[in-house]
There are 2 protein chains.
Amino acid sequence: MASQLAQKGVRKRTAVICATDESTQQSVAMAIQQGWMEAVMIGCTDQVKQSQPLMACSQHLSFIEAANDQEAAEKAVAMVKEGTVDIIMKGLISTDVVIRAILDKEKGILPAGNVLTHVTAASIPDYHKLLFFTDAAVIPYPTQEQRFMQIKYITRLCHQFGITQPKVALIHCSEKVNAKHFPFTAGYASLIEQAKAGAFGPCIVDGPLDLKVSCNLHSMQVKHIDSPIQGSADALVFPDIEAGNLFYKTITLFAHGETACMLQGTQCPVVLPSRGDDVMSKFNSLALACLHC
Amino acid sequence: MASQLAQKGVRKRTAVICATDESTQQSVAMAIQQGWMEAVMIGCTDQVKQSQPLMACSQHLSFIEAANDQEAAEKAVAMVKEGTVDIIMKGLISTDVVIRAILDKEKGILPAGNVLTHVTAASIPDYHKLLFFTDAAVIPYPTQEQRFMQIKYITRLCHQFGITQPKVALIHCSEKVNAKHFPFTAGYASLIEQAKAGAFGPCIVDGPLDLKVSCNLHSMQVKHIDSPIQGSADALVFPDIEAGNLFYKTITLFAHGETACMLQGTQCPVVLPSRGDDVMSKFNSLALACLHC
């Protein structure tokens, strides 16, 4: 992703809220040094100005004071509305504070009709291509309408990455529709129909499928399943946040996965790392957000 | 596990239902050849008798005819009640048929007060010890009572494996109790109290914790969480089947995990592989069941 950005020769502008932690500072400095980002550091400016990694690239930095975390988040959101920044990134500040500023009905940046959700792009050594998935962090148990939007956003993201007809798997622990115990599986059929009718542009949507059938042709054949995903999914839509979050954490902890994440539905990409994310994950997320906007 | 069994010098008796698929036949033959199992092959006997791997160990095999799958499952269950077998294993037959025979109120093998659930023992190259978890396959969304029994079974299994004070993590996507969106997290507190009061024998139960905090000390420290699990869980109790099943499939597909699984709550261990499981997984499950009974 970063190399694609370097070729484009554009510097995207990122508002970074309360970047008092070292991994945020390092990831921002790396993005600036690669030539595709400049940053407005909002809040905790005294502390941020002393950051060694950031001092090395100060010509692409500016600073805005804020009385507290809430004001810092609100200032970042206001800059998006004014068009003076392209991206928001969260540093060491409560996620709730940022989300509240984003969702504010008057001053926020979630356009009417949009759904706030979360996407991840993952590079897993044992998978043959980039794997996109949603939602590891925002919507607990998506409704049918929210899931429709999740498919819409993730398909659009795949298109942006040059995947002309992304294969999108609707995940479940089994391949059987079970309206009694898993009502959402009954909703998958109409999402597949909507996909066929063109609601998401060129793509192939199928489910319910489990992870192995979605991502491994042999598993599909052993189970005698016939899915157009053909064990080669580009994107996974998880039934709920427990599944999505667990997948995110399992691939990073046990499968050497590298990830990039951002919010979707907002007027601009929002990078909202969790405290456990490392520098590379934050850097990758900045690259994803810069590519997306 | 297999080496522990070989040392014990006991042959456990397994009823294998409809073993018409090669991976079931091979796993049974391997267990017999290692000296710790003998098998009663129930149903589809003409086909099973022609199996090359099984022919090589026919002195430890017997055969019982059955008119159909249902009768085969019922005969296996009846043999458990009579005490003539120690374990049940499912071959190429619908899981539902086996579960129905197990749950039959008169002839079944689920004692009153028990809960039918599923445990997995996993060896993951990037984790420093065996990791037990529940439930990847049976209970969709456990109630508080069912979760109590899941903790009971998995703690007992850890004790059997020589872990004197197993660390059991109650998994959630976050470390915060959230009664509104995730009611089960509110129930975790009383399970922790019950554990402290000795309901499960010697063990440490804590949660809600996410996977990384449960299995990685550094992640725990970065998030400023103070848990007695100390990033070194022996067992994970997942919030629902979507999470448990996904963890199972992610570690086997992307993290080179090896697994062994069985049902819990039944009068004897029941090995219920899914069609996508390979020979080693079935063999490991037989070893787990033989150790457990």
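1. Is A:Asp21 buried or exposed? In this predicted model, A:Asp21 is buried, with a relative accessible area of 12%. Its side chain meets that of A:Lys282 in a salt bridge, at 3.0 Å from N to O. The two residues belong to distant parts of the chain: A:Lys282 is in helix H12 of chain A, while A:Asp21 is in the loop between S1 and helix H2 (22-33), 261 residues apart. A:Lys282 is buried as well, at a relative accessible area of 4%.

2. Helix H12 of chain A, which carries A:Lys282, runs over residues 279-292. From first C-alpha to last, its 14 residues reach 20 Å, close to the 20 Å expected at 1.5 Å a residue. H12(A) is mostly covered, with 13 of its 14 residues buried.

3. Another salt bridge joins the side chains of A:Asp86 and A:Arg13 (2.9 Å, N to O). A:Asp86 sits in the loop between helix H5 (69-82) and strand S4 (87-90) of chain A, and A:Arg13 in strand S1 (residues 12-17), so the pair ties together parts that are 73 residues apart in sequence. A:Asp86 is buried, its relative accessible area being 18%, whereas A:Arg13, at 29%, counts as partly exposed.

4. A:Lys223 and A:Glu175 also form a salt bridge, with the closest N and O atoms 2.9 Å apart. Here the loop between helix H10 (217-222) and strand S9 (235-237) of chain A, which holds A:Lys223, is linked to the loop between strand S7 (167-171) and helix H8 (183-196), which holds A:Glu175; the residues are 48 apart. Relative accessibility is 10% for A:Lys223, which counts as buried, and A:Glu175 is buried at 17%.

5. The pair of point 4 is part of a network of salt bridges that links A:Glu175, A:Asp210, A:Lys223 and B:Lys249. Over all chains, the structure holds 16 salt bridges.

6. Two salt bridges are found across the interface of chain A and chain B. One of them pairs B:Asp210 with A:Lys249, the closest N and O atoms being 2.7 Å apart.

7. Which helix gives the most to the side of chain A that touches chain B? H11(A) does, with twelve residues. Helix H9 (211-215) and helix H11 (241-254) of chain A each supply at least two residues of that side. By class, the side has 20 nonpolar, eight polar and ten charged residues.

8. As for the extent of the interface, 38 residues of chain A are in contact with 38 residues of chain B. The buried area between the chains is about 3,700 Å², and carbon and sulfur atoms give 66% of it.

Notes:
Residues are numbered from 1 along each chain as its sequence is written. Chains are lettered from A and ligands numbered from 1 in the order in which they are written. This is a predicted model: local features need pLDDT of at least 70, side-chain atom pairs count only at pLDDT 80 or more; totals for chains, interfaces and linings use all residues. Side-chain values use heavy atoms; hydrogens and water are left out. Contact means heavy atoms within 4.5 Å. Buried area is the accessible area (1.4 Å probe) that two parts lose on being put together, summed over both. A salt bridge is a side-chain nitrogen of Lys or Arg within 4 Å of a carboxyl oxygen of Asp or Glu. Helices (H or I, at least four residues) and strands (E, at least two) are DSSP runs, numbered from the N terminus. Ala, Val, Leu, Ile, Met, Phe, Trp, Tyr, Cys and Pro count as nonpolar, Asp, Glu, Lys and Arg as charged, and the others, Gly among them, as polar. The expected span of a helix is 1.5 Å times one less than its number of residues. Buried means under 20% relative accessible area, exposed over 50%, partly exposed in between (1.4 Å probe, protein chains only).
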